[in-house]
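Have the viewer ready and follow along.

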Amino acid sequence: MNTLTIAWIVVPFLSGFIGYLLSRWAKYLSLITSVISLAYSLLLFSQSSPITLNLLDNYGVKLVADQLSAYFILTNALVTMAVIFYNWESSKTAFFYAQAIILHGSINSVFVCEDFISVYVALEVISIAAFLVIAYPRSDRSLWVALRYLFISNVAMLFYLIGAVLVYKANNSFAFAGLKGAPPEALALIFMGLLVKGGIFVSGLWLPMTHSESETSVSALMSGVVVKAGIFPLLRCALILEDLDGLIRLFGVLTAIFGVSYAVFEKDSKRMLAFSTIVQLGFILAAPVVSGFYTLTHGLV
């Protein structure tokens with residue numbers, strides 16, 4: 001399984017490179033790659049124990065693929081397949097399919113990372129790939145929106161990287177578990193970067209303009225999977241460090257309320273869907289709170 005996991009991580013990037021060179025096969029390679037991800041996610045569901053790969057033991061760099069990863073990988077595969085089929089008869093060039101599948105692969109990488117430095121590398125690749133697909137129409141407006149997204153993302157990742165360095169300085173390890181013994185500044189910087197990257201709470205205000213000005217298929221990628229890459233490390237940290245669980249749930253509840261408050265007054269359909277995405281992100285982070293409230297209220301009835 002370890003060899004299979006490494007191959008699964010490498011295949012999207014290799015397919016993107018080959019698809020760019022062999023433009024006739026680009027969309028077929030991207031479709032095959034997304035099907036491979038779908039099959040891998042189903043395989044993870046059948047595993048009784050997580051798949052762990054220690055890349056750099058001395059630095060706490062490792063990959064963990066478990067059933068939590070499987071849910072997100074499955075979503076990524078389905079959304080990417082839907083986007084490919086949506087554009088199947090369009091005039092999209094090999095460049096679009098190559099970047100879409102590289103984006104797919106880099107998002108998958110986040111879902112199996114369990115250390116801050118690997119997540120940083122994957123999120124930076126996501127920023128570049130997302131920038132290229134947003135700017136694909138090459139109009140003045142799309143280029144401006146893409147550059148705006150790239151600037152916000154890179155600034156957020158700069159704060160995140162400083163926080164990751166502080167975690168390593170405190171524990172000599174980049175592992176998520178090292179956050180417990182790190183200074184409060186590290187927690188604040190890492191959370192700031194991930195909240196902006198994931199579009200959580202007030203930091204999610206970059207989403208509406210990016211979605212409304214992007215092509216429909218690109219908006220689907222942004223809403224369906226790109227923003228999920230920012231919140232997945234938060235979920236991992238909440239599972240590893242129980243002290244952070246309440247904080248992350250609080251941000252989830254606030255994000256859901258914030259998104260609904262804006263969505264009900266929005267008239268543009270794509271912007272309204274963008275705020276709906278923010279609401280759904282809040283539900284993901286606050287799922288234990290929402291489910292507990294649902295159980296409580298229905299139990300009283």
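## Around Ser106

Leaving aside residues up to four places away in sequence, Ser106 touches Phe13, Ala122, Val125 and Ile126, where contact means heavy atoms within 4.5 Å. Ser106 sits in helix 4, residues 94–110; helices are DSSP runs of H or I with at least four residues, numbered from the N terminus. With a relative accessible area of 1%, Ser106 is buried (under 20%; exposed is over 50% and partly exposed in between, using a 1.4 Å probe and protein chains only). A polar atom of the Ser106 side chain lies 2.9 Å from the backbone oxygen of Leu103.

## What you're looking at

This is a predicted model, where local features need pLDDT of at least 70 and side-chain atom pairs need 80 or more, while totals for chains, interfaces and linings use all residues. Numbering runs from 1 along each chain as its sequence is written, and side-chain values use heavy atoms, with hydrogens and water left out.

Most residues other than glycine have a negative phi. Arg138, though, has a positive phi near 65 degrees. Look for Arg138 in the loop between helix 5 (116–134) and helix 6 (140–171); this residue is exposed, at 66% relative accessible area.

Asn172 isn't a glycine either, yet its phi is positive at about 55 degrees. Asn172 lies in the loop between helix 6 and helix 7 (184–198), and counts as exposed at 52% relative accessibility.

Methods
Helix = DSSP H or I, 4+ residues; strand = E, 2+ residues; numbered from the N terminus. Polar contact = N/O pair within 3.5 Å; in protein donor to acceptor, adjacent residues only side chain to side chain.
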